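Please open the model in your viewer and keep the selection panel at hand, as this tour moves from one selection to the next.

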Amino acid sequence: MTDHVLGALVGGVWNLASLWCLMQVVRAWLGPQPSTRRAVLWLLVKFPLLYLLIFVLLRSPTISIVGFGIGFSLVLLAVVGWLIRQTVQASPARPHGR
């Protein structure tokens, strides 16, 4: 496996993990049973732990930073596209553009 492919895989998985943690923060903070404590715990997982992990991984010569950026961007585009699609499907139909 080339370093670009491995980097893309790592970037995609890391971005999924990061977005999942962010989703957990929002749910803990704004969900039906808000909990500042759980929100802070998820922030501690997301920021120090995930960023420390990626710092260590990207120092490895077998993972390409360019590949990481590509994988990260592809996952981000896919998630944004999925959210847009969900929003469009959930919006009420407006006859005649009103």
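Start with the lining of the largest pocket in this predicted model, where the residues by class are eight nonpolar, no polar and no charged. To display this lining, select Leu 16, Leu 19, Trp 20, Leu 22, Met 23, Val 79, Trp 82 and Leu 83; the pocket that they line has a volume of about 210 Å³. If you then colour by helix, you will find that α1 (3-30) and α3 (65-90) each supply at least two residues of the lining, and that the largest share, five residues, comes from α1.

Next, clear that selection and turn to the largest nonpolar core, which has seven residues, namely Val 10, Trp 14, Cys 21, Leu 50, Ile 54, Ile 63 and Phe 68. Both α1 and α2 (36-58) supply at least two residues each to this core, with α1 giving the most, three residues.

Within this core, centre the view on Cys 21. Leaving aside residues up to four places away in sequence, Cys 21 touches Trp 42, Val 45, Lys 46 and Leu 50.

Finally, select α2 on its own, and look for its buried residues, which include Ala 39 and Lys 46 as well as Leu 50 and Ile 54.

Methods:
Residues are numbered from 1 along each chain as its sequence is written. This is a predicted model: local features need pLDDT of at least 70, side-chain atom pairs count only at pLDDT 80 or more; totals for chains, interfaces and linings use all residues. Side-chain values use heavy atoms; hydrogens and water are left out. On a 1 Å grid over the protein atoms alone, a cavity is a set of points where a 1.4 Å probe fits but cannot get out, and a pocket is an open set with protein on both sides within 12 Å along at least five of seven lines; lining residues have an atom within 4 Å of a point. Grid points are joined across faces, edges and corners, and a volume is the space filled by probe spheres set on the points. Helices (H or I, at least four residues) and strands (E, at least two) are DSSP runs, numbered from the N terminus. Ala, Val, Leu, Ile, Met, Phe, Trp, Tyr, Cys and Pro count as nonpolar, Asp, Glu, Lys and Arg as charged, and the others, Gly among them, as polar. A nonpolar core is a set of buried Ala, Val, Leu, Ile, Met, Phe, Trp, Tyr and Cys residues joined through side-chain atoms within 4.5 Å. Buried means under 20% relative accessible area, exposed over 50%, partly exposed in between (1.4 Å probe, protein chains only). Contact means heavy atoms within 4.5 Å.
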